[in-house]
Amino acid sequence: MAVALLALTGCSTSHSGGAPSVDWSRIPENQRVMIRDAVGASSCARMQAAFDGSEAADVLAYLAWHMKSAGCY
């Protein structure tokens, strides 16, 4: 499922070489914390869980970028 969503969201970045930007102001606090902790721990399982629980294209692209950077796929 993640691969199909990756194809839909893409992984373009808003700035050279970094993770895609996210409009965090519209993301609920509990989801922001879950994403921040998963990315900070470079936990593939936790990032995948956050990806699976997200619907916003920018969040999906952000998580996909971090999962790829962490070697999750």
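Figure 1. At 19% relative accessibility, D58 counts as buried, because the cut-off for buried is under 20% relative accessible area. The model shown here and in the other views is predicted. D58 is part of helix α4. Leaving aside residues up to four places away in sequence, D58 is in contact with S21, V22, D23 and R26.

**Figure 2. Overview of the protein chain.** The protein chain contains four helices and zero strands. Followed along the sequence, the elements give the pattern α-α-α-α. The protein chain has 73 residues, of which 36% count as buried. Taking contacts between residues at least 6 apart in sequence, 55% are between residues at least 24 apart. The views that follow show examples of such elements and pairs.

**Figure 3. The disulfide between C44 and C72.** The structure has one disulfide. C44 and C72 are its two partners, with an S to S distance of 2.1 Å. In general terms, a disulfide is a covalent bond between the sulfur atoms of two cysteines. The torsion about the S-S bond of C44 and C72 is about -90 degrees, so this disulfide is left-handed. Are the two cysteines buried, exposed or partly exposed? C44 is partly exposed, with a relative accessibility of 32%. C72 is likewise partly exposed, at a relative accessible area of 25%.

**Figure 4. Packing of α2 against α3.** Two packed helices are described by the angle between their axes and the distance between the axes. For α2 and α3, the axes come within 8 Å and cross at roughly 150 degrees. Angles over 145 degrees count as roughly antiparallel, and α2 and α3 are therefore roughly antiparallel to each other. Their crossing is left-handed. Which residues make the contact? On the α2 side they are M34, I35, D37, A38 and V39; on the α3 side they are R46, M47 and A50. Sorted by class, this contact of α2 with α3 has six nonpolar, no polar and two charged residues.

**Figure 5. S42 in the loop between α2 and α3.** S42 sits in the loop that runs between α2 and α3. Most residues other than glycine have a negative phi. In S42, a residue other than glycine, phi is positive, near 50 degrees. S42 is partly exposed, with a relative accessible area of 46%.

**Figure 6. Packing of α3 against α4.** The axes of α3 and α4 come within 9 Å and cross at roughly 160 degrees. That angle makes α3 roughly antiparallel to α4. α3 passes α4 in a crossing that is left-handed. From α3, the residues in contact are M47, Q48, A50 and F51. From α4, they are L60, L63, A64, H66 and M67. By class, the contact of α3 with α4 has seven nonpolar, two polar and no charged residues. M47 and A50 of α3 also take part in the contact with α2.

Figure 7. G18 is located in the loop between α1 (2-9) and α2 (29-40). Is G18 buried or exposed? G18 is buried, with a relative accessible area of 12%. G18 and Y62 are 44 residues apart in sequence, and their C-alpha atoms are 9.6 Å apart in space. A19 is in the loop between α1 and α2 as well. With a relative accessible area of 15%, A19 is buried. A19 and H66 are separated by 47 residues in sequence and by 7.1 Å in space, C-alpha to C-alpha. H66 is also one of the α4 residues that meet α3.

Key: Residues are numbered from 1 along each chain as its sequence is written. This is a predicted model: local features need pLDDT of at least 70, side-chain atom pairs count only at pLDDT 80 or more; totals for chains, interfaces and linings use all residues. Side-chain values use heavy atoms; hydrogens and water are left out. A disulfide is a pair of cysteine sulfur atoms within 2.5 Å. Buried means under 20% relative accessible area, exposed over 50%, partly exposed in between (1.4 Å probe, protein chains only). Helices (H or I, at least four residues) and strands (E, at least two) are DSSP runs, numbered from the N terminus. Axes are lines fitted to C-alpha atoms, for helices over the stretch in contact, and angles run from 0 to 180 degrees between N-to-C directions. Angles under 35 degrees count as roughly parallel, over 145 as roughly antiparallel, 65 to 115 as roughly perpendicular and the rest as oblique. A crossing is left-handed if the near helix is turned anticlockwise from the far one by less than a right angle, and right-handed if clockwise. Contact means heavy atoms within 4.5 Å. Ala, Val, Leu, Ile, Met, Phe, Trp, Tyr, Cys and Pro count as nonpolar, Asp, Glu, Lys and Arg as charged, and the others, Gly among them, as polar.
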